[in-house]
Amino acid sequence: MADFEQATDEEVLLIDDELWEQLIELTDGAAALCFQCGVCTAICPWGLVRQKPLSVRTLMRQAQLGLQEKNGSLWLCTTCAQCEAYCPRGVNIVDVFRSLRTVAWENRNPEKGLPSLMWSIFWNDNPWSQPPTQRALWANNLDIPIFNPQEHEVMLYIGCTSSYDQRAQKIASALVHILRGAGVEFGFLGEEEPCCGEAVLSVGHKHYFEEVAAKTAQVFQERGVTQMVTISPHCYDVFRNHYPPFSNGFQPLHYTQYLFNLISEGRLQFMKPLDLQVTFQDPCYLGRINQEYQAPREILKSIPGVELVEMENSAEDALCCGGGGGRMWLETPIGERFSDLRVEQAVQTGADILAAACPFCVACLEDSLKVRKTENFEVRDIAEIAARAL
Amino acid sequence: MAELQIVVCVKVVPKPEEIRVDPETHLLERTNARSEINPPDMNAMEMALSMKDRYGGRISLLSMGPPFFEPNLRVALAMGADHIYLLSDPAFAGADTLATTYTLVQGIRKIGDVDVILCGEESSDGATGQVPPGLAEWLNIPQLTLLTDVSIDQTLRTARGRREIKGGYEILEVPLPCVISVKTACNEPRFMDYRLRSWALEKDRLTVWDAGDLDAEPGHIGLTGSPTIVTGLAEAPYRERRREFLQGSPGEVVQELAGILRKEVEV
Ligand SMILES: Cc1cc2nc3c(=O)[nH]c(=O)nc-3n(C[C@H](O)[C@H](O)[C@H](O)COP(=O)(O)OP(=O)(O)OC[C@H]3O[C@@H](n4cnc5c(N)ncnc54)[C@H](O)[C@@H]3O)c2cc1C
Ligand code: SF4
Ligand code: SF4
């Protein structure tokens, strides 16, 4: 035994049958398909910013065997699904990550800072530790009516980040102007808008997510919400793909999809030419995860004078901004931010604007742009660009 | 060795930004305010739970307040405590810190054989910080205030705590039983354990005691037992956070911040 311990500097890991069964149940056996080729590790963007990549393959192996992950790399995954796009076995890697996180919560081993994130959502109904009574302050001067199913065609779901983050509030305001420009009758839930729970889901707190989703779905039902437009692709994804067990038939759309529909129906037209070259950051939760690549591009193309240029990695291959999977609430050291690489790629295209369609992307990319100090180059949400062209 | 008996005093408070002072009566208007667990008590909870992790034992939650405290006390219970004692009686209303501590102490005596009583640093509404010392006085036992860490020696029956002071820290040791107040934000309170969530909602997890149950002297409780006279109440303007984040290199951030300070507060 002593010799064995000397022979290895790695911690001895014990196989835990109970954990194995739990993982099989949580993931529906997703990890079982993995044949350990390592493509995921090679594809994962952490390999671009760190000496030691995130060993996705090892984590899949641990999930297969029911081993507990001990080094914290579990919380690095941004759930961008880049690896899934390349996995030859079609392993639902993001699901496995979320399940491993669920187990970590149950073993009282979450990453530092995440319990506070859960408490913020519990007490404040938002992940930003902001007072719930101030959720609609951003809209004070906009006179947005409270949603009424008799009067409004859609309910605009603002989301926590666009409600509280000063930068993201501008995206929300821009969208309000566009919808008004197109004559859309819409309302919002104001101060009463509940949190979608995406942050809870992505850090793997399955049981609390179920509680949040049930509560939020009930609010939507009581308010008669059937058509909903979200600003963040994260809210959109969670409503579309993770609410069905709790919700009774409301249909979410990302705002780019909704605007594209308005354009197709001839209700929305952009009159003012902009004379801009724009490149587009596909948000993971719009593109890879929900397969919507067209709508945001069509909006940009329908603006007179806008020329769309693509980056080195785009659409299915788009590089994640680094903000998903709960990473918005965890510190990523300078030098390890995917968004630095993304801004570099964007600048290389020669475009004037890097367009995004997600408050997290805008926040991460803009941060990186500030550090890079590039002149005559901006990060803007598509809603902001479109509002300029009305 | 008997198992460690821990009591955590938990107060349920209105969310601070939602309390208003009635302009006519000058009384606190909190009927529409959402409640939460007094945030410093969450740090006391975490300290109690890590004690239980280390030494085993039983955690009782103790609170004096109206019945509407109950749902939030059950939230605290689901973090990993064992039972709730809610001291609730219209006769307790209007208590100052003297009457509050007397009532809590009657509860502690009734629970019996308590080794450690943990409190938050102060409440976010009353904010006197007098309850922990008051409990120690009534019980005539030692107190350790504003601790950031604590260890228990069950053989010697002592508590040893660490307290940050200007320029360093001090280590303090007292015999059990003792009262401990926990420095706010010294730890990260764990989230509820969802395996306990529905267990914590069961009826039997909570015991309500009224003045009669506590054998409380009528002259020591509620308004009658409260010599404090509140002569006035003024509303401090609520400060809205602007949530402006400065960006750039540390040098740039400092310059920008200095500029803002110069402009806005004329330093
Ligand atoms: C609306 C309102 C009206 C008041 N009116 C009066 C009044 O008329 N006269 C007067 O003298 N005082 C009054 N007070 C103050 C009241 O006496 C105190 O709130 C109470 O005694 C507790 O003191 P504290 O809040 O300062 O607690 P602190 O000493 O600041 O709290 C420290 C810790 O003690 C524990 N603790 C405190 N209170 C409780 C509790 N009820 N149950 C369990 N644990 C607790 C908690 O762990 C807390 O973190 C009023 C307070 C409020 C909010
Ligand atoms: S790419 Fe797929 S099969 Fe290959 S190691 Fe990763 S999860 Fe397993
Ligand atoms: S989802 Fe993205 S961050 Fe997570 S392992 Fe896959 S490629 Fe890496």
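Predicted model: local features only at pLDDT ≥ 70, side-chain atom pairs only at ≥ 80, totals over all residues.

Reader: How many cavities of 30 Å³ or more does the structure hold?

Author: There are 6 cavities of that volume. For the largest cavity, one then looks at the lining, which is made by 19 residues. Those nearest its centre are Cys160(A), Thr161(A), Cys196(A), Cys235(A) and Phe360(A). Helices α9, α11 (198-202), α13 (233-242) and α17 of chain A each give two or more residues to this lining, and α9(A) gives the most, with 3 residues.

Reader: How do the residues of that lining divide by class, and from which domains are they drawn?

Author: By class, the lining of the largest cavity has 12 nonpolar, 6 polar and 1 charged. Domain 2 (114-261) and domain 3 (268-388) of chain A each contribute at least three residues to it.

Reader: How should I read an open pocket, and where does the second largest pocket lie?

Author: One asks which parts of the protein supply the lining. In the second largest pocket, residues come from both domain 2 (114-261) and domain 3 (268-388) of chain A, so this pocket lies between them. Its space amounts to about 1300 Å³. The lining comprises 46 residues, and Asp165(A), Ala363(A), Asp367(A), Phe245(B) and Gln247(B) are nearest the centre.

Reader: Which helix gives the most to the lining of the second largest pocket, and what classes of residue are found there?

Author: Helix α17(A) gives the most, with 7 residues. Among the elements that supply at least two residues are α10 (166-181) of chain A and α5 (250-265) of chain B. The lining has 16 nonpolar, 12 polar and 18 charged residues.

Reader: May we turn to the ligands? Which residues are the closest to ligand 2?

Author: For a ligand, one reads the shell of residues around it. Ligand 2 is surrounded by 14 residues, the closest being Cys34(A), Cys37(A), Gly38(A), Cys40(A) and Cys87(A). Two or more residues of this shell come from each of α3 (39-43) and α5 (56-65) of chain A. The shell divides into 10 nonpolar, 2 polar and 2 charged residues.

Reader: What classes of residue form the shell around ligand 3?

Author: That shell has 9 nonpolar and 3 polar residues, with no charged residues. Cys44(A), Cys77(A), Cys80(A) and Cys83(A) are among the residues surrounding ligand 3. Helices α6 (82-86) and α7 (93-106) of chain A each provide at least two residues of the shell.

Reader: How does one examine a helix, and which residues of α1(B) are buried?

Author: In general, an α-helix has 3.6 residues a turn, so residues three or four places apart point the same way. In α1(B), the buried residues include the run from Pro40(B) to Leu49(B), together with Met51(B). The length of a helix can also be checked: with 17 residues at 1.5 Å a residue, helix α1 (residues 39-55) of chain B should span 24 Å, and the 25 Å between its end C-alpha atoms agrees. Just after this helix, Gly56(B) has a positive phi of about 75°.

Reader: What should I note about backbone angles in general?

Author: Most residues other than glycine have a negative phi, and most peptide bonds are trans. Asp125(A), although not a glycine, has a positive phi near 60°. Asp125(A) sits in the loop between α8 (114-124) and β1 (154-157) of chain A. Gln291(A) also has a positive phi, of about 60°, and is in the loop between β5 (276-280) and α15 (294-301) of chain A.

Reader: Why does Asp125(A) count as partly exposed?

Author: Its relative accessibility is 23%, and therefore Asp125(A) counts as partly exposed. Gln291(A), with a relative accessible area of 54%, is exposed.

Reader: Where is there a cis peptide bond?

Author: A cis peptide bond lies between Leu176(B) and Pro177(B), with omega of about -5°. Pro177(B) belongs to the loop between β12 (168-175) and β13 (178-182) of chain B.

Note on methods
Residues numbered from 1 in each chain as written. Chains lettered and ligands numbered in written order. Heavy atoms only, no water. Near = heavy atom within 4 Å. Helix = DSSP H or I, 4+ residues; strand = E, 2+ residues; numbered from the N terminus. Nonpolar A, V, L, I, M, F, W, Y, C, P; charged D, E, K, R; others polar. 1 Å grid on protein atoms, 1.4 Å probe; cavity = no way out; pocket = protein on both sides within 12 Å on 5 of 7 lines; lining within 4 Å. Points joined across faces, edges and corners; volume = space filled by probe spheres on them. Domains from an automatic or database assignment. Expected span 1.5 Å × (residues − 1). Buried < 20%, exposed > 50% of the residue type's maximum accessible area, 1.4 Å probe, protein only.
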